[in-house]
Amino acid sequence: MAMGRGSRNAALLLSILLIACSPLNSLAATHVVGDSQGWGFSMSYANWANGKSFAPGDTLVFNYQAGLHNVVPVNAAGYRSCKASGSASKAATTGDDKFTLKKGANYFICSIPGHCEAGMKIQVIAN
């Protein structure tokens, strides 16, 4: 049985609507913090993030040697003070840690004593 022109148009319209309504996560980008240098004392993460474009739903990947560092999502006060406070239980420690960015400011620190103060902290704005 041949499909009529109206049926083809309806199928095409339905396909376009399904694509348009698909979650934006399928378009999300993955950003490796520090690129090939990873998460450590090797760089300024403010400089690394500067000029990059981040969106809600993007993924940040923190690569480091497990046992030497960690990654803790914190609020703005925790970022400024380098204190994980109640967030310490949320510390990621695998050395290949992934976080999905929420809209607005996202803050991460290493909660190992002295590491954040030495520069292991990052603020990422997802717009």
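A charge sits over a ring if NZ of Lys or CZ of Arg is within 6 Å of the ring centre and within 35 degrees of the ring normal. Keep that in mind for the first exercise, and remember throughout that this is a predicted model.

**Exercise 1. Find the residue that lies over the face of Tyr-79.**

**Exercise 2. Locate the disulfide and work out its handedness.**

Step one: search the whole structure, which gives 1 disulfide. The partners are Cys-82 and Cys-116, with an S to S distance of 2.1 Å.

Step two: take the torsion about the S-S bond. For Cys-82 and Cys-116 it is about -70°, so the disulfide is left-handed.

Cys-82 sits in the loop between helix H3 (76–81) and strand S4 (96–100), while Cys-116 sits in the loop between strand S5 (104–109) and strand S6 (121–126), so the bond ties together parts that are 34 residues apart in sequence.

Step four: check burial, for which the cut-off is under 20% relative accessible area. Cys-82 has 15% and is therefore buried; Cys-116, at 3%, is buried as well.

What about Cys-110? Cys-110 takes part in no disulfide, and the nearest cysteine sulfur, that of Cys-116, is 8.1 Å away. Cys-110 is buried too, with a relative accessible area of 1%.

**Exercise 3. Describe the neighbours and the burial of strand S2 (residues 59–63).**

Begin with S1 (residues 30–32): 3 bridges join this strand to S2, and the two run parallel. Here Val-32 stands opposite Val-61.

Next comes S4, which is joined to S2 by 5 bridges and runs antiparallel to it. In this pairing Asn-63 stands opposite Asp-96.

Finally, count the buried residues: 4 of the 5 in S2 are buried, so the strand is mostly covered.

**Exercise 4. Classify two of the aromatic pairs.**

The model has 7 aromatic pairs. For Trp-39 and Phe-62, the ring centres are 4.9 Å apart and the planes stand at 85°, so the pair is edge-to-face. Trp-39 belongs to the loop between S1 and helix H2 (45–49) and Phe-62 to strand S2, 23 residues apart. Both Trp-39 and Phe-62 are buried.

Now take Trp-48 and Phe-54: with centres 6.0 Å apart and planes at 45°, the pair is tilted. Trp-48 is buried at 6%, and Phe-54 is buried at 5%.

To finish, trace the cluster: Trp-39, Tyr-45, Phe-62, Phe-99 and Phe-108 form one aromatic cluster.

Definitions and conventions:
Residues numbered from 1 in each chain as written. Predicted model: local features only at pLDDT ≥ 70, side-chain atom pairs only at ≥ 80, totals over all residues. Heavy atoms only, no water. Disulfide = S-S within 2.5 Å. Buried < 20%, exposed > 50% of the residue type's maximum accessible area, 1.4 Å probe, protein only. Pairing = 2+ DSSP bridges. Phe/Tyr/Trp six-rings, centres within 6.5 Å; stacked < 30°, edge-to-face > 60°.
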